[in-house]
Structures are given as C-alpha cells and as structure tokens.
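With the structure open in your viewer, please follow the stops below in order, making each selection before reading what is there.

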Amino acid sequence: MAELLEVRDLKIGATAYPPGEPPQDITIVHGVSFTLQKGKVLGLIGESGAGKSTIGLAALAYGRGGVRITGGEVLLDGEDILALGGSGIRDIRGRRVCYVAQSAAAAFNPAHRLGDQVVEAAVRHGVMSRSEAWERAKYLFGVLGLPDPDSFGRRYPHQVSGGQLQRAMTAMALCPGPELIVFDEPTTALDVTTQIDVLAAIKRAIEETHTAALYITHDLAVVAQISDDIMVLRHGNMVEYGSVQQIIEEPKEDYTRDLVSVTQTLKDEAPDQSDSLLRIDSVDAAYSGDFKVLHDVSVHLPRGQTLAVVGESGSGKSTLARVITGLLPPSRGEVIFKGAALPPEFANRNKEQLRQVQMLYQMADTAMNPRQTVRDIVGRPLTFYFGLRGAEKTRRVAELLEQIEMGKGFIDRYPAELSGGQKQRVCIARALAAEPEVILCDEPTSALDPLVAKGILKLLLRLQAETQLSYLFITHDIATVRAIADSIAVMYQGRVVRFGPKSKVLSPPFDDYTDLLLKSVPEMRLGWLEEVLTTRRMGSAGH
Amino acid sequence: MVQESGPAGTGRAPQGSLAAGLSGPSPANDSGAPSGRGGGLAALRRRMPLATLLAQRLGLSLLLLWAVSVVVFLGIEALPGDFAQTYLGQSATPQAVANIRAELGLDQPALSRYLEWLGGVAQGDFGKSWASGNSVTEQIGLRLGNTLFLAFWAALVSVPLAVGLGMLAVHFRDRWPDRLINVVSLGAISLPEFFVGYILILFVAVQGGWVTFPSTVYAGMSFGQRLEAIILPCATLVLVVLAHMMRMTRAAIISVMSSPYIETAELKGLDTLRIIARHAAPNAVAPIITVVALNLAYLVVGVVVVEVVFVYPGMGQYMVDAVTVRDMPVVQACGLIFASVYILLNMTADILGILTNPRLRHPR
Amino acid sequence: MKWRAIPLSAWIGIVGLAIAIFCAVFAPLIAPYGEREVVGDIWLPMGGDFVLGTDNLGRDLLSRLIYGAQTTIFVALAATVLSFSLGVMLSFTAAVVGGWTDQGLSRINDLMMSIPTLIFALIVLAVLPQELWILILVMAVLDSTRVFRLGRAVAVDVTVMEFVEAARLRGEGRMWIIFREILPNTLSPLLAEFGLRFAFAVLFLSTLSFLGLGIQPPEADWGGIVKDNKDGIIFGIPAALIPGAAIAGLAICVNLVVDWLLKRTSSLKGGRGDG
C-alpha cells in the first residue's frame, strides 16, 4: 500500500511569554513520527497540551499563532511539504489536504453564503467548474444528512444550527476531493445526541469518497468508532501507536490503560433513597418575562447521597441549580431543605441557610478571585461563618488542603499558579470550609482532562463517604453519572423526563429521550457506532 | 480592543462610543439565551430585525436631540448664577440687573421661555443675540457653511489617508513601517490643535510665505481662493484626526484578520489578495465605517479650536466669542447645532454598522 | 519586576514625567525669576540671561513655563482625581446594584456623552463665574462620564464572574464585593485609564486656557502662555510654540508610560491555548 502521508521526527516550537520575563522559545512537539495510507483514518488522541492540534495543522504546513515547525519532515506522496514555498503550499492546502475546525461557527465567514464558501477552494484551485462544484456540494450535503440539500447552500452561517455547521464544514473539506482531511475535534463542541449524527455523517462521507483522515480528539471512545489506527500523545511525545483494536483491547502503556478504563463505575447506588434532605417541589422558573425554562420540576436528594441531573445544553439543568441557590426565584413551587422551605431569593436567606448549601462551578478559573491566595480563598468562609482568624484559621486551611490531597505547601499560591485539577480541588476546599450539608456541583469535571476529572470524582466520593455530604451533580456526561450517582434525574427541554434510582433509570423500558441519550454516548468498543446506526434504522423502519 | 486602541484614547475622539457602536446592534435572536420576552415587540424584532433596529436607533437619536435641547436650555438655567448678573458683571447695580432681565425676557418663568425657544428653533429661529441684537439664525447661516466647507475638505483628505495608512501598518505588522507609524501616531495624538496650527503658521505662512495668514474667507471669493485660504486650517485638522483614525482602522483590520474564518481561508490555499478582498474586507467595512464616522464627529468639534487659531469665520469662532461675552442665545444655538451634528454622525455610524451586519440583513 | 524589562520608550516617558513633576513641585525654588516679574524687553530671543527669551510683557519665559507646569499639572491632576473618584464610585455602584439604579445612571451618562466635551464645557463656562474650583469641577464632571463608561464595562465584566457570584451566595455585603472582589481585579485597566484621563485633562485645560476660558491671567499656565504669545507668531517669534511643546511633551510621556503598562498587563493575560 502506498504511503499517503509520512511524518518523520516532527519537532514543533513556539514562543512563550512568561510574565515579567523575556520571551522564551519552548518545544511543544518533541519528534513525532507516523504514517498514513490512502483512504485510512488515523486518530490522534491526547489531553490538552498534548500537541495534537499542532501536529494536525503541520500536515498543512501551518503553524497557528507563534507556532513554528522546527524540524523533521512531512511527506505527502513522498514530497516534503515543509520544503515547499508559499505558492507550492497554497497549491496543496484546500486541494489535496483540507481542514475541519473544532468551532465551525467561528470558522465560517459570516458575510458569505455557506454554498459559496463550500465550493470556493474547489473552484479557485481549478479542480472543477463552479456549477460542477455546486452539484458536488449538493451531493455532499445529501451524504452528510443536511436538510434540503438543494437549497442548504444558499443559507448564511448564522441561519443554521451548530451540528449542521459542523457537517457543512466537512462538506467544505470534501468538496475539492482531497486526498487527506484533518479533523480537529469536530464534535467536541456538540451535544451528545448531535455528536453521534455528525460522527456517523463524517464516517459515511469519508468512506464513500475514499478520503484519508487525521482525526484529532480527546475522546478515545469517539476515535475508536472512526479510525483504523490510533496514536496516543502526551506532552508533545508519542505514548503509544497501534491499531484501534490493539489500543482499545490490549493497551501496552499505563497511560493508555488509564484512558481506556476511565469510565468505570466508582460507586454502587445506595439501597435506601427514601430520605429527603433537599426536595425540589413542582418548580416552574422563567427568565425575565415569560420565557419559561423549568416546567414542574420535582426531585429529591437523600442525605449522604448523590443525585445526578443529566441533560444537554438548554435542558434547564443549570437553571435548576440557580433556583436552589436562590439566584433565580421560582415562579411556582418550593425548595425544601431539611423539611422547611428556603426563602426563594438568596438575599432573604440567613447565614446558616447560605452556609449549608455550597456550590462548585464548571470553570474553577473564574470561580476563584485571581487576586487572592489559596489562604484567602479557603479562609474567607472560615472567617465569615465561624469567625476564625489568625493561626487558628491557618491551621484549619492547612487541614482542608490535606483533605483535598494537596498539602499546605499550596497555601500562599495564587490561582494562576495552579493546574486545572488543583484549582477545582481548591474550590472543593472552599466549599468544605463552610461545613455544608449539600454541595451543588455544576459540571465540575467537564472542563478537565479525563484522568484529572476521574481524580476529582474519586475525591468527591471519598469526602462523601467520610462526612455524609450530599451532592446534586449536574452534568451532560452519562459516563460520569454511571460512575458516581445514587439517583438520576434526566432533564429535557426544562422538564424532568425520568427520575429514580440509578439502576432503574438506566434500565429499560426507556422513554424516547432517555433511550436516544443513552444510545448516543460513545462506548469504548469497536463497532459501537455501526450497531447504534443499525438499530436506529430498524427502529425508524418499524415506524 | 483596549490593547490596540489604548493609548490612542487621549480622549480626543469619542473612543467609548466606538465600543458601543460596535457592540450595540447585536441581534436579539443571536444568543438564544433567555432574551425571548414574548409579546409583540419581540415577535416584530424576530421577523424584521433590521427595520426594528433602525427604527429604534432613529428614535433614540430624536430622543437624545430633545434631551440635549433640555440640557442646553433648562439645565443651564438650573446652574447657580443669574444670567443678567453674570452678563453685566459683579459690579452692576440691582436696578441695571432688573432692567436687563426685563429687556431680555428673563423675568418670565424658565419653562415658558424654553417652550418659546424650542418653538422658534423648530422653525429655524434661534432668537436675537444679546450682544449685537442681530438675528442669531442669520449669523449662523453665514458661518455654518464656512465650517462645513472646512470640515468637508479635511474629511476628504484625512479619511482615505487614514484608511490607507492603517492598511499599510497592518500589511507591515510588527515590522519597521508599522512601528514607525505607531510611534509617530502616538506622538501626533498628544499634540494640541493650537500647537500644530501655530507650527504650520510659523513655518509655512510666516517664514515660508507660501500661504497667507489669517485664513479669512468672505463673500465674493472664488472657489479657488477659498480653497487656498483653508489650506493651513485644513492641514491642521487632518493632522489632528489622522493619527486617531489610523490607529482605530489598524485595530479594526487586525481584529478581523485574526478571526478563525481568515485561518479557514488560508487553509483553503487562497492567495493573500483574495483573502483580503473576499474574506477580510466585507467584515472590516463595518468597523472602519464606524471609525470614520466617529472621527468625523470629532472633526466637527475640533474645528472650534482650529477656527480660533486661524481666525477663520466659522461656527467655532462665533461660539467662543459668544462664550467670552456670555451671549447666551448664541452659545445655546451653537451648542445645539454642534451637538446635533455629533449625534447625527454617531447615529450614522451605528446605522451603517447595522446595515453591514449580515446577521441582521439575512434574518433566520 | 526588573528594571531591564522596561523598554526605552517607557523610560523616556518616566523621565519626562519626573522632570515635569519636579518642576511643578519646586517651581519657586528653581525658577530663575518670579512668575509675574517683568525682567526685560518684550519677546527677547532665546539665550543670554533668559534661556527661553521673554514673553509678550517682558517676563522670563522659562520662569513662566516652570510656574505654568505647577498650575497646569495640579489643576489637571485635581480634575482627574475628582473625575476618577466620581466615575469609579458611580460606575461600580451601577454595576453591582444593577436594575433601575444602573439604568438611570447609564442613561444620564449617555445623555451627557452625546454632547461633545468641549462644547459642553463652553456652554457651562459661559454661565458660571470664572473661578478655579469651578473650572476644576466642570472638567471633572464632564470627564467622569468617560470614566463611568469604562468603569462600568470593566466592573460588569468582573461582576458576572463566578467568584463574585460565590461571594454573594456566601452572604457577603455590598462593600466587601466592591472593594475586595471587584476592585482588585479592575486596578490595571483603571490605572491605565487614569493616565489617559490625566493626559486628556492637560490637553483640555490648555485648550480652555488658550480659548481664554480656563486659568485667568496673570497666573501662568501652559495654554494661557500660548494665548499670551500667539500674536508674536506673525512676526516670526516662536514664544507661543514653547509652552505648546511642553503640553505635547507631557501628553506624549504619559501616553508612552500607559502604552507600556497596557502591554504589560495584556501579556500577563496572554497564554497559549490547547496544543
């Protein structure tokens, strides 16, 4: 088989600007090699900072921002494209190698119609005439399952949905009939039920057009569905490189093994869920005016247990947290805590009521004041609620830092000096400092890399076992729910469509939405996507 | 934005309203966030976002104009101090003050005088000057043309020059032409108008003898003579607005050039010319128009000082003279006219921004 | 923070500012002649006893310039400090309290900003008596509209951050939220803005004095000295240009320092995204 792409000892550097110091040259990819054959798909996987996007763009001889390719070769059909000049590179980009960005919404020019942008590269490179390109675009829109393929190209980017834009971007990459497409996290920004459609569309389209692809993602389960080979990257180095089957079923490296096993269950559900520490009772809520976001929501959370609220963007799950905290008073219904109704607005709650319900945010970055040290951040609730000061306060802060497995060495650090996982841990310490009964967790792990997230989940469960804490855990990720929940509430368009103990919610018979949601979550095994698509097709044929 | 146009903001031009102008017309249906207010207005906005926004912007300008008239007339009344007393000076006898109050109609209640004044203004009558007794409208009629003539030519020279230099700076971004333009414009922003004006007078008019000073224009001058007379004031105005307009243009283009869709175009293998013409230009037009309109608004105000420096018979000179002798009808009339032009140009900037926004031109 | 890390342009600005402030503070000590002292013929050329020559009344121009630095810088500084206190206080209140307070303050601010500053100042100064404190107050109030706009934008940006929400939910009072959570995070843009507002105040005061509406003679300020000596220009006497250059120089120095401050803070925020 002919090698379409061969990357040899690729080294990539960038310029870093550490505050208060002169700029420094750093290396972000340390000599990576791989090959890709015609019509095959190679998955590049790794956490943030692994250098996967940078390697992907190197296949187009492109460095984003201040990124430079400092060594190695990128051979396309035996020709080193890094040695080509400007016009030689331009001749390859958009004709032989195309790119699909993570955020299609930003990558499309808002001033032009989608169709014009889709055909542009093919027409400008003289691959085909304008009318031929439009015909091909319509064909591709059809293959990619876009609505009304004949007129879709006449729309503007802001007139279609995110999932449709991502498919249109794939059509744009496929239109000139390239030999290679670089997909850079094309489904990461999408909801899980949308992701599966886009994933299936991409897979079908590259199969039908026999195009080779580099598929970049942080989600091993996704890449397992679409690739032939997988390369695992970490900190700009190759960790493991092999066939999909080998990586998923017999990983050799510890790091890969951790990635594969990241979605195991961490906790079995509690047998008795009759208690209700926190009860949400037929709550309706609306933002300014009559735009209703919650409809008749009723759930309850037993002491020492975890209630997972799961749903996609716009399902109202975060709004539910705002209602409980009192940031958004409900238009109907009550929040009952320890048998008594909480005042709807947080301004009317007393210190004791505020103390007992604490909050964890998705973005630990913005949840901490960047001008305060860990001592101030964790110490403030101690002073505010319990009047601790001086040495007593320092001692207690150090204790809390031990509890979150960080140690008191971090006490005088600023948030900017902590890693993502450490930031979230400090936020947990701040919540613990108030000695709460309930912690509302609003997607606290979804901005983190999988292994770091797993560490946070384990910590939360340990704290729960030790101190009988209760969590209301909001997430869009079914794997997280499986891992930690006692009970689950599935939300869809502002309603709770399913609520009960984990085992019941996750077993049939399902309602339509929960069924769709569960089947959309990529599973870490080969052939999962085909299975789902087949059952779906049978399902729709049955109707 | 802060970084790019930062030090440019010596406060010369209304840098704040640029941001408002750019972010103002964000479509209500854009975010899908809890903005749905229901009801008729929201429905109308969804169906015809463009017309609704334009109508809103026009309405806002009219409201502002009216509010400005209130400030210029009634707000001034509310300030401590008696017009008649300040007009005559501290040494005036109470009798003289009472006489002049009656003569100027100041003994009437403020509200009825305001309504009378507003009624007059609506018909183009700004009343009579206290100092000369002449019709203010007549005087303004003579001078407004001169001011607009000067501002027009200054705009005609500075706008293409500023946009061109801004593009040049972007083209040579972070290389020496860009740095040079940056340093020179940073200096130019800090120069007071009168300083630039007197340097030009000293070296071009007095020592060089190439043009005449002062820049008087009068009835009966030919077009060519008028043009020659305004060379120096025009050059001063150009120098003063150029730096600012150029820096803002540069920032606007750079912000467009760093968008992801430009990267997309690059990764399509398009050549630089096509990227700029097809992908950058349509999106850069709106912010550049805003920059230009806002600087023109400043130009109309900057003209005040320049007219005084060059003894040019325009509105600015007229207003400053009136302020010195506390001739309130003239001050109020000039103030209202300057503010109206300013509001008008700001509105134009916003409206052009709305019209060039594809999201609003092609609603869902 | 290393001295070497400060670029040349910023050094020029810092040195220039230091000289100006030194002149302003020690004016009576370093000025060779008195502020109003007539020492020779009118418009004597530079050199000799009078380094910068004499002015339209035969006073020493260098001494006038040094005293002028005192007036110009102190009046501009007073106006800026006042405008800043007013603008920051009102804008933070608007951002934190929100609702009708915010609406009311913001609309009044929009209205005041819809009249160009110079025109507004001319209208108001036509009515008010010519006194120094009134001049400072007028400059401050008009300028505070710009501070308000920036302050509100910055504060709103910070207010929507989750750590402020966390503080609210903890039950913290309004003062704690403004002074401990928001203010420390807005200091660098506000500091830069302070510099810009000061440079603008110098230019604005000079313009008013030049038009005869600012500092009243015989007190010296830079704009006023330009006005005094402008008639000399026709005879080729550059006396009016010297104070003009001083104004420009001061404004340039402030801009250079602010430019550097802004670059420094923006590079602190800069970081590399996902690799």
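**From chain B to chain C**

Begin by selecting chain B together with chain C, which bury about 4,500 Å² between them, with 78% of that area on carbon and sulfur atoms. Bear in mind throughout that this is a predicted model.

**From chain A to chain B**

Move on to chain A and chain B, where 31 residues of chain A are in contact with 24 residues of chain B. These two chains bury about 2,700 Å² between them, and 54% of this is on carbon and sulfur atoms. Within chain A, select A:Tyr62, A:Glu120 and A:His158, the residues that lose the most area to chain B, together accounting for 22% of what that side buries.

Which residue of chain B forms a salt bridge with A:Glu120? Show the side chain of B:Arg274, and you will find the closest N and O atoms of this salt bridge 2.9 Å apart. Across the interface of chain A and chain B there are 3 salt bridges, along with 12 residue pairs in polar contact, again with both residues at pLDDT 80 or more.

To see which elements build the chain A side, select strand S6 (97-100), helix H3 (104-107), helix H4 (114-124) and helix H7 (162-174) of chain A, the elements that give two or more residues to the side touching chain B. Helix H4 of chain A gives the most to that side, with 5 residues. By class, the side of chain A that touches chain B holds 16 nonpolar, 8 polar and 7 charged residues.

**A last stop in a loop of chain A**

Finally, centre the view on A:Glu185, in the loop between strand S7 (180-184) and helix H8 (192-209) of chain A. Is A:Glu185 buried or exposed? A:Glu185 counts as buried, because its relative accessible area is 4%, and buried means under 20%.

Terms used:
Residues numbered from 1 in each chain as written. Chains lettered and ligands numbered in written order. Predicted model: local features only at pLDDT ≥ 70, side-chain atom pairs only at ≥ 80, totals over all residues. Heavy atoms only, no water. Buried area = accessible area lost by both parts, 1.4 Å probe. Contact = heavy atoms within 4.5 Å. Salt bridge = Lys/Arg side-chain N within 4 Å of Asp/Glu carboxyl O. Polar contact = N/O pair within 3.5 Å; in protein donor to acceptor, adjacent residues only side chain to side chain. Helix = DSSP H or I, 4+ residues; strand = E, 2+ residues; numbered from the N terminus. Nonpolar A, V, L, I, M, F, W, Y, C, P; charged D, E, K, R; others polar. Buried < 20%, exposed > 50% of the residue type's maximum accessible area, 1.4 Å probe, protein only.
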